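This report is for a reader meeting the structure for the first time. Please look over the sequence and the model before reading on.

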Amino acid sequence: MADQYLLPCPQCSHVHRVGVAQAGQTLNCVCGASVDVPTLSGLRRLEPVTEAAATKTGGSWSPRHGLVFLGLAVTVASLAWWAFLTLNIDWHGEVQPKIAEQIVRDMESLTPADSILAWQFLKSPLHEHANRPTNEMQAVYGRWTSVALGGAVLGVVLILAAFVLVPTARQR
Ligand SMILES: [Zn+2]
């Protein structure tokens, strides 16, 4: 005999999960109607709750679902963080020098006055800052990249653990 049964509301046909302990009681449905829970013998004629039915009616998440969701969230967040870091490293380490090279190349075809402006830009503190990935900065990026990739691995491990370690409700 199952512990829970599916009891549809006679007014709105919202399906309630009722336990044997609720036999003979009255439920308040979301539509406002009062739903009489049948007695034990009546309950047995209702559709018993199976895992498939529980999922269908949006029943509470199993521990496995929770763990998979957590794992996915951790993985996605970590990969997004890693992508963000990677883009920033490129910006500081590669893209800026390329722009500088481009400017130097362009200077060959500039008028003397434009050359002075370009030269001033190249010497500006802003440019120097962007063009100098310090060891300190790279160390910080390296550390955070490790954290991000570690997080991604942790997320995948969580998902795998959910399937390997957490028993399904049916096996319980
Ligand atoms: Zn109802």
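## Overview and confidence

Of the 172 residues in the protein chain, 6% are buried. The model is predicted. The chain contains six helices and five strands. Read from the N terminus, the order of these elements is β-β-β-β-α-β-α-α-α-α-α.

The mean pLDDT of the protein chain is 76, and 61% of the residues have a value of 70 or more. Confidence is highest in strand β4 (residues 34-36), at 95. Helix α5 (residues 125-131) has the lowest confidence, with a mean of 52.

## The sheet

Three strands make up an open sheet in the order β2-β1-β5, and their pairing is antiparallel. Strands β2 (15-19) and β5 (47-48) are the edge strands, each pairing on one side only.

Strand β1 (residues 4-8) pairs with β2 through five bridges, in the antiparallel sense. Within this pairing, Tyr5 has Val18 of β2 as its bridge partner, and Leu6 stands opposite Arg17 in β2. The two strands β1 and β2 form a hairpin, with six residues between them. In the turn of this hairpin, Ser13 has a positive phi of about 60 degrees.

## The nonpolar core

Which residues form the largest nonpolar core? There are five: Tyr5, Leu7, Val18, Val37 and Leu43. Two of these core residues, Tyr5 and Val18, are also the bridge partners mentioned above.

Leu43, another member of the core, touches Tyr5, Val20, Ala23 and Pro38 when residues up to four places away in sequence are not counted.

Helix α3 covers residues 63-107, and Phe69 lies in it.

Phe69 and Leu158 are 89 residues apart along the chain. The C-alpha atoms of Phe69 and Leu158 are separated by 9.2 Å.

For the protein chain as a whole, consider the contacts between residues at least 6 apart in sequence. Of these contacts, 59% join residues at least 24 apart.

Conventions:
Residues numbered from 1 in each chain as written. Predicted model: local features only at pLDDT ≥ 70, side-chain atom pairs only at ≥ 80, totals over all residues. Core = buried A, V, L, I, M, F, W, Y, C linked by C-beta atoms within 7 Å. Buried ≥ 20, exposed ≤ 12 C-beta atoms within 10 Å, placed from the backbone. Contact = placed C-beta atoms within 7 Å. pLDDT = per-residue confidence, 0-100. Helix = DSSP H or I, 4+ residues; strand = E, 2+ residues; numbered from the N terminus. Pairing = 2+ DSSP bridges.
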